[in-house]
Amino acid sequence: MRLHEYQSKQIFYRYGIPVPNGRVASSSGEARQIAEELGGRVVVKAQVLVSGRGKAGGIRLAKTTREAEDLAASILGMELKGFPVRKVLVDEIVNIQKELYLSVVTDRSLRCPVMITSFSGGVNIEEIARTTPEKIYRIPINPLLGLRDYQSRDLAACIDLPRDLWKPFIQLTHDLWKVYLDYDVNLVEINPLVITADQKLVALDGKIIVDESALFRHPELTDFQDTGNELPVEIEAKKFGLSYIKLEGNIGCMVNGAGLAMSTVDVVRANGGEPANFMDIGGGASAERVSAALKIILLDPSVNVVLINIFGGITRCNEVANGIMHVLNERQVHIPIVVRLAGTNSDEGKNILNHPVLKQAESINEAAKICIDLAGKAA
Ligand code: GDP
Ligand code: MN
């Protein structure tokens, strides 16, 4: 789950990371009010969960309260990269001397958190990472030992930070590390982290991505959840507690167990097909749960064939079959559904399945091949 800039900054503030004064507004009138409190010179920032808002015109500086109101009105009417702007952050203007970059990210290939910094932060960081990667420094952090002081000093030295700023920088790295730990974060990023004209460090932007699987440990974050950027299928899947991830293809997948669901995605790809989603209905799923899952997959307009792969252990294949038949009896389904049932009560399950759109397969490879063939014909 990605947090908005204003939400990330609220967390930064609580952890002692310096952020500009400011508040979020939902209307231009509110923005005007905030600008007035801050003395008129403010920056108005679109709160949408996309990157590169600055370059897309979603971040504008105002010299007066009046101008802030007008800018807020125009930004609130905008769509940034397809997402409507519902809120703007109104922050006091910070006079920038230098833009740095600082983040902590879970690095899957190194299998540990990494703190990343650069002396060339700002809106071109992706460009810099591509063209001059030597300007970006990474330090792996041992998750059990945590961030050590020498590592923070190392980072400060790497970016040639002025001596006066070492102490606040080291403090900031520790605060950021604490945010990373406390919130089960995948990424916490400050870009730009600025050196102000009066030689202070301020987090001008903030981005936090929390590991969704850990959200139950952070009930306070549910208020932060913005479903405006989620697909209808994802919202429905969440309601039923199904783990669902949208993918690019056209073969809708429904599988019991995360490991089997991943293998299913792999097998489909290995055979030359493209899965439309990852879905794990969990162990011991009831007929109701199976029906809900199938209906969710059918909600996705890009799906033109469904692949159901069940290896019954605790899950009983007859329950699964009943769930599938329930959906087919209740509504008109026109796209083919290929089912592979194996394990507990599979014979019983196979006998229950009976409908013109259903095809059965003995192995996952066979099922994948049939799906790819059908998906090709539908396209
Ligand atoms: P992003 O484009 O979505 O990453 O949005 P940022 O919050 O990083 O803002 C983009 C750029 O706008 C920053 O790199 C700054 O150059 C500029 N900017 C943002 N806030 C201020 C501010 O208070 N003062 C000044 N002078 N520039 C700002
Ligand atoms: Mn930024």
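My entries on a metal site, a helix and a strand follow.

**Ground rules.** I am reading a predicted model, where local features need pLDDT of at least 70, side-chain atom pairs count only at pLDDT 80 or more, and totals for chains, interfaces and linings use all residues. Residues are numbered from 1 along each chain as its sequence is written, chains are lettered from A and ligands numbered from 1 in the order in which they are written, and side-chain values use heavy atoms, leaving out hydrogens and water.

**Metal site.** I looked up the protein donors (N, O and S atoms within 2.8 Å of the metal, or 3.2 Å for Na, K and Ca; water is not among the atoms, so sites may look incomplete). For the manganese ion (ligand 2) I found Asn 191 (O) and Asp 205 (OD), lying 2.2 Å from it. Asn 191 sits in strand β10 and Asp 205 in the loop between β11 and β12, so the pair ties together parts 14 residues apart in sequence. Helices (H or I, at least four residues) and strands (E, at least two) are DSSP runs, numbered from the N terminus. Asn 191 is buried at 11% relative accessibility; buried means under 20% relative accessible area, exposed over 50%, partly exposed in between (1.4 Å probe, protein chains only). Asp 205 is buried too, at 18%.

**Helix α10.** I noted buried residues here, including Cys 317, Ile 324 and Leu 328.

**Strand β2.** Five of its five residues are buried. Val 42, Val 44 and Ala 46 point one way, Val 43 and Lys 45 the other.
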